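Student: I would like to go through a structure and ask what each label rests on. Can we take the labels in turn?

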Amino acid sequence: MKKVVHISLSITLCLIMVLGLFSSTIAFADDEPVVKVVDSVLTAYEGSAAGVEIEVTGINLTYQWQAKGSKWIDLEDNHAYKGTKTPHFQFQSRIGWAGQNNSFASIPFRCKVSAGNKSIYSQEFMFNFIEREPLKQAVISGIDAPLYGQTPDYTADAGDSSYSISKVEWFGPGIKTNSVYYPPMSESSTFTKGIYHCRVYVEPKEPYKIDENTVAYLDSTDNTPHKFIVTPPAEGTNGMDTYFVNIPFTAKEAVMLTGGITFTSGIRCDTPISVALGDVVSTIDEDKVHYQWQISEDGSTWNDITDATKKNYTPTADDVGKQIRLVISADGYVGEFVSEAKM
């Protein structure tokens, strides 16, 4: 029995040694190995990535991508180069790298593939980045002149679907150094008399070229578009630069929203509820008034009724036995007022 155990242990040790020797093998599979190009994107729009993927058959091979200046230089991963030690090399360009500014257009790249002391090289690749058409404009909405006593609103919308708003900041009056406003207002700050600046950070969803002719239009609630130059940042990242727009506002004295809501019809299932408005709210443009119908089971806890955001509301069977009310607010006014509860 002991002899059998000894033999099986010996076999196990031999297997471990053989497997270990195999795993440490470094070799090309062929006597004359060839670097095959699996995929390549050699021409791309500025701000996008170009690249090459190669394939070499072998075991435990190493890869080193190189660029040629006065001599071939090994590359390292950075903001422009990715996969410099893999079969898949990517070259991330930046906006402005097209045309005469494309200094990389004349630089050859290649990959050195090694197995121990033996190395082979891929063919040479040259990348070309072509110019994008400048984006003509971006539309920003949802920002209004601040009112005395209000806290900053940090929301904005990009009307152009090719843009998103990454951040909104407000800066206090009179604080300016070399066109830089600081520090930004905190969420608990309140507006007083003076000129404030709202900085909106605009981020393309795809790499667009933005130059001095690109403008942003602020679509304010008074329906008067304001034209502002889009300012590029001192530095960008990964070719997807974030640009900002500085929008000056003069804080306005707050006007309290006052008025009354009178129900001019009864509350019946499947029958629209009619209301009449009085005082200040009756003089405000309809597109600036916001309606929200709410419902409650106990008259204490109120919940918004989904999609019930018009002046009139038609109760459904689910509303029977519950209380209903209307809440009204308006752009450019402080406060809101609430109707009496109806059942």
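What follows is a set of questions about labels and the values behind them.

Student: What kind of model is this?

Tutor: The model is predicted. The chain holds 1 helix and 25 strands. Of its 343 residues, 36% count as buried.

Student: What makes the pairing of Gln-66 with Asp-74 a polar contact?

Tutor: The side chains of Gln-66 and Asp-74 come to 2.9 Å. The cut-off is a pair of N or O atoms within 3.5 Å, so the pair counts as a polar contact. A polar contact also joins the side chains of Gln-66 and Arg-110, at 2.7 Å.

Student: Which residues does Gln-66 touch, leaving out those up to four places away in sequence?

Tutor: Among them are Trp-72, Ile-73, Leu-75, Phe-109 and Tyr-121. Asp-74 and Arg-110 are on that list too. A contact here means heavy atoms within 4.5 Å.

Student: Where is Asp-307, and why is it called buried or exposed?

Tutor: Asp-307 is in the loop between β23 (303–304) and β24 (323–330). Exposed means over 50%, and Asp-307 is at 73% relative accessibility, so it counts as exposed. The phi of Asp-307 is near 65 degrees, again a positive value in a residue other than glycine.

Student: How many salt bridges does a search of the whole structure find?

Tutor: The search finds 4. Side chains of opposite charge can pair when their charged atoms come close.

Student: How do you know that Glu-76 and Lys-85 form one of them?

Tutor: Their side chains meet at 3.1 Å, N to O. The limit is 4 Å from a side-chain nitrogen of Lys or Arg to a carboxyl oxygen of Asp or Glu, so this pair is a salt bridge. Lys-85 has a relative accessible area of 41%, so it is partly exposed.

Student: What makes Lys-322 and Glu-297 a salt bridge?

Tutor: The N to O value for their side chains is 3.9 Å, and the rule asks for within 4 Å. The pair therefore counts as a salt bridge. Lys-322 lies in the loop between β23 and β24, and Glu-297 in the loop between β22 (289–296) and β23, so the pair ties together parts that are 25 residues apart in sequence. Lys-322 is partly exposed at 26% relative accessible area, whereas Glu-297 is exposed at 68%.

Student: How do you know that Glu-340 forms a salt bridge with Lys-342?

Tutor: Their closest N and O atoms are 3.8 Å apart, and the limit is 4 Å. The pair therefore meets the rule. Glu-340 is partly exposed, with a relative accessible area of 49%. Lys-342 is partly exposed too, at 27%.

Student: In what order do the 4 strands of the open sheet come?

Tutor: The order is β23-β22-β24-β25, with antiparallel pairing.

Student: What makes β23 and β25 edge strands?

Tutor: Each of them pairs on one side only. β25 covers 337–338.

Student: How do you know that β22 and β24 pair?

Tutor: Two strands pair if there are at least two bridges between them. β22 and β24 have 8 bridges, in the antiparallel sense, so the pair meets that rule. Val-289 stands opposite Ala-330 in β24.

Student: How many disulfides are counted?

Tutor: The count is 0, under a rule that asks for cysteine sulfur atoms within 2.5 Å. Among the cysteines, Cys-111 is at 0% relative accessibility and so counts as buried. Cys-269, at 36%, counts as partly exposed.

Methods:
Residues are numbered from 1 along each chain as its sequence is written. This is a predicted model: local features need pLDDT of at least 70, side-chain atom pairs count only at pLDDT 80 or more; totals for chains, interfaces and linings use all residues. Side-chain values use heavy atoms; hydrogens and water are left out. A polar contact is a pair of N or O atoms within 3.5 Å; within protein, one must be able to donate a hydrogen and the other to accept it, and residues adjacent in sequence count only if both atoms are side-chain atoms. Helices (H or I, at least four residues) and strands (E, at least two) are DSSP runs, numbered from the N terminus. Buried means under 20% relative accessible area, exposed over 50%, partly exposed in between (1.4 Å probe, protein chains only).
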